[in-house]
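Here is a friendly walk through a few spots in one protein model. Have the structure open as you read along.

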Amino acid sequence: MSKTAKTDKRNISSGNRSEGQQVLRVWNYVMNIIYHNPGKIVRVPSSRQLAQTLQMSRSTVNLTYDKLIKAEYLISRQGSGTYTNPRRSFFPARQAAPLVGISFFEGDAFFYNSSGWRIIATLGEGLSERGYNVKLHQNGIAGKIQTDRLLQFSCMDALVCYNGRPEELEEIAKQIPVVALGQHSYAHLPNVRLKFDAAAIGIIKLIAAENIQECLLLRTEAADDELHILGETLLRLDKTLRIRELNIKDTGFPEELEKYLMQKQRILLFHYNQYSDFAESCRSRYTDTVVTLSYNHPPRHNRYSGYSLDYPWTTVADQTAELLRENMADRSKCRELICEAELCSWRPAPLHHTPEPVKISTAQTEFCVEGLTGSIWTLQSRWLELEKDLYELHFELNAPKPSEYPELTIRWELPLLDTINCWTTAHSGAPELQPDWGRKRCFSIADEIPELIFHNRAGLCTAAAAYSDAMRSVEFNGGIFEANCSLRFALGLFRKKEAPAQNYKGILRLDLRRNFFADTVRSFTRWYAAFPEYTALPVPESAYEPLYSTWYSYHHDVHADTIRQECEEAARLGMKTVIVDSGWETDDNTLGPIACGDWEISSNRFPDPATHVRAVKSLGFKYMMWFAVPFIGRNSRRFEEFKDRYLFLTRDAGVLDPRFPEVRRYLIDCCRRLIHDYHLDGLKLDFINTFTECDKDPALTYGRGDRDISTIPEAIDRLMMSITQALNEIRQDILIEFRQCYIGPAIRKYGNMFRAADCPADPAGNRRRTINLRLSSDTTAVHSDMLEWRSDYDVNNAALQLLGVMFSVPQISVRLAELPDDHRKMLKFLLDFLVRHRKLLLKSDLHPCHPEQNYPIVYAATKSERIATVYSGGQWVRFPVGSSAGNTYIVNASETDEIVADLPFTIKSALLRNCLGEELPFAIPQPGFSRIAMPSGSILKLCGTQPDLG
């Protein structure tokens, strides 16, 4: 367009919402479904349908669905859709954390401009990180009808409102706490006053520096909108300024604006951020005369060249959370906090054509490396063939000076073949063969292992890949590329910003051998263990002993006398270790980390802890205690001491930043003191994955300060290694437990016990988790999640829980003294069986079949014995060729009373016992195909001659 052409009003764009704002739209859409259907299972629209409804990309909907599934608000059922989780709703959630509504003064949320959405997104995210449940109130609250409707139907515990009318907010505040945000003061409400006095001084300096002769304010219809208030503030500070207001909604606005732009004088164009594209088009046509300033940061700032005025919304979220906490505790408090706007400068990012990726060609595939174009980083690579169908890609990144790592993506394709499933350490027990654009898988030092194993119906590997860096956060995905029906992989690196560096090395391992998938997983595990940085901690034999845990049976309500009584019962049943979980450190039974941080044993619950520990250990027990590593609770005396040493705050606690040396020293000293002073045998170190949940690194925002380590994963590694070494100096046979999802190669350096993730009273989930762990943990002792059941349950149902985790160390968490005699008899018999066959069950290489069916049958063998455990009816027991020639055990852990087996040997004797250990009559079957009658929960022992393997 020439300079003489008139401005086209159609160029005025409202701007596109950022991905974070679009994610929030999807999130709230689902939350509305959950809110209106509490406790119900409701199918949500498919990603394609919802993307069409909300007019956004399908990938954004998929991304949000993944977050909701991970947060357990949604359940994905392969082949049948996605559903709401009846266990997650607003009503039970309110018991754990207050439900806080966020609203604008008026209007429909789905028609907020990009600035409004960014405010809501940032506030919502900030309050969520600080422990609140957040709900977007869809409609504004202008007028009595809207006010009454909000109070009647919202079920909110508190409200945060931006630019609300004082009289209406004061009416709401009579019933629930209210925090107001806005440019105006609220005399009778706690509020965050948003001011731009300091920024206005900066604008005046900018006007002088840019030699501005006239300011044009492109405001909306409202006479008192923010730009009008800004203009008055500027004139109050400097009455010599020439400021004109133009109403962007007037029909004559384009012609009037063009008249000013053509005067060839230096103009500062003030505008709202939804008009950034329009303002940028004016600046590009009048480059020498127009300077732009956006009220709120421009939504597409990579294409914007100018200045912006905005509030630090993360600070606003902090202040809002502080006022909420105050007002919910004491409704009479009415404090005003001030937040000043900031003036920023934007320059457009250089525009590139679609970058040509760096290509690494091999005989097996071609690797495309994206993200290096335009950066100062260089790539060197080597392709190695270790043996037939086993390869490694070694690559190294270098920069001439310390620089931010580039966001790197490595893609490659392999033949799909007869693939039906993708196994990972977090496998769900259902088929997980997805399209390449499906759910993203993220891994880190405290979140699973970066490995993908694809296999066919027989369990044979069709393609597998693992990445050497199990410390940093990486995205690692693989799925069907629909354009050519192949397997497409994508490895994403440096998705989280880090401190500048000059070098990085990585190894990508590809295994195309047609081995059984479990053997491929084990080969990856041993590959990781060969790296010096992943050397595993030795495992004492005591790590394999059956264990009693206080968590499900008592939660926080633990006392010295109760623990002693339970251990006396547990010792008679065959348990030899106790873990005293959360509760020992506080007198309060409230769940959550609010009391963590002092790490002193409660004198009310444990009047003489040292004597108590000695008494329990005299029963032949190992004594362990729970320790939540990252948290300093708000009730802790240490909370204020570490106030500048947190990664982020939650409602109940601060999450420590392990990059500070004083943080590491404190945590190491606490662990050392517990082991030394009370002669404990070990610790259960919990919640270290919380360190990695820091999305906004304070070191990148506020500077490195006193931190002596640049990255969070490196600091976690230093902290955990130091704790392990300190405890080992006291006890060489120290026991240290971690739980899923922090079970990767690095974690094996710090712990020798891995426990399945929480799945209370879920036999199928516990079985899946323990078997996944067995495959990926090598010699590290694998423990089940704590088993719990009611004392009035049928004894066989309780036995099936124990048989479900028989390939791991069982952790029991029931009130043993309240169990009936048959339950105790069952526990005694089965625990004795597991201990006697420990080498077979816990130390041999498992052969679990069909992970896509939740492992319906599992085999194990040593030189002297072998076992097959059937978990689902309709399975055919057929021992793998070459398994043991000694005693054979068949366990019926299914719901049926019959097992189908192929017995390729002559049976000399047989013994069938039920779950109580009672001998049952049994007719010895003939060799070959047999239908064996054995009740659910029973164990069959067969003694025979050498199997006929021909």
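## A strand residue and its surroundings

In which strand is the place of T462? T462 belongs to strand β23, which covers residues 461–467. Keep in mind that this is a predicted model.

T462 has a relative accessible area of 4%; because buried means under 20%, T462 counts as buried. Leaving aside residues up to four places away in sequence, T462 touches L417, D418 and T419, then F454, H455 and N456, and also L512 and R514.

## Helices α15 and α16

Next, take a look at a helix pair. Helix α15 (residues 560–573) packs with helix α16 (residues 609–617) at an angle of about 5°, and their axes are 10 Å apart. That angle makes α15 roughly parallel to α16.

On the α15 side, the contact involves A560, I563, R564 and C567, which meet H612, A615 and V616 in α16. Sorted by class, this contact has five nonpolar residues, one polar and one charged.

## Helices α17 and α19

Now for another pair: helix α17 (residues 661–678) and helix α19 (residues 712–730) have axes that come within 9 Å and cross at roughly 25°. These two helices, α17 and α19, are therefore roughly parallel to each other, and their crossing is right-handed.

From α17, the contact is made by R664, L667, I668, C671, R672, I675 and H676. Helix α19 brings A715, R718, L719, S722, I723, A726, L727 and I730. By class, the contact of α17 with α19 has 10 nonpolar, two polar and three charged residues.

How values were computed. Residues are numbered from 1 along each chain as its sequence is written. This is a predicted model: local features need pLDDT of at least 70, side-chain atom pairs count only at pLDDT 80 or more; totals for chains, interfaces and linings use all residues. Side-chain values use heavy atoms; hydrogens and water are left out. Axes are lines fitted to C-alpha atoms, for helices over the stretch in contact, and angles run from 0 to 180 degrees between N-to-C directions. Helices (H or I, at least four residues) and strands (E, at least two) are DSSP runs, numbered from the N terminus. Angles under 35 degrees count as roughly parallel, over 145 as roughly antiparallel, 65 to 115 as roughly perpendicular and the rest as oblique. Contact means heavy atoms within 4.5 Å. Ala, Val, Leu, Ile, Met, Phe, Trp, Tyr, Cys and Pro count as nonpolar, Asp, Glu, Lys and Arg as charged, and the others, Gly among them, as polar. A crossing is left-handed if the near helix is turned anticlockwise from the far one by less than a right angle, and right-handed if clockwise. Buried means under 20% relative accessible area, exposed over 50%, partly exposed in between (1.4 Å probe, protein chains only).
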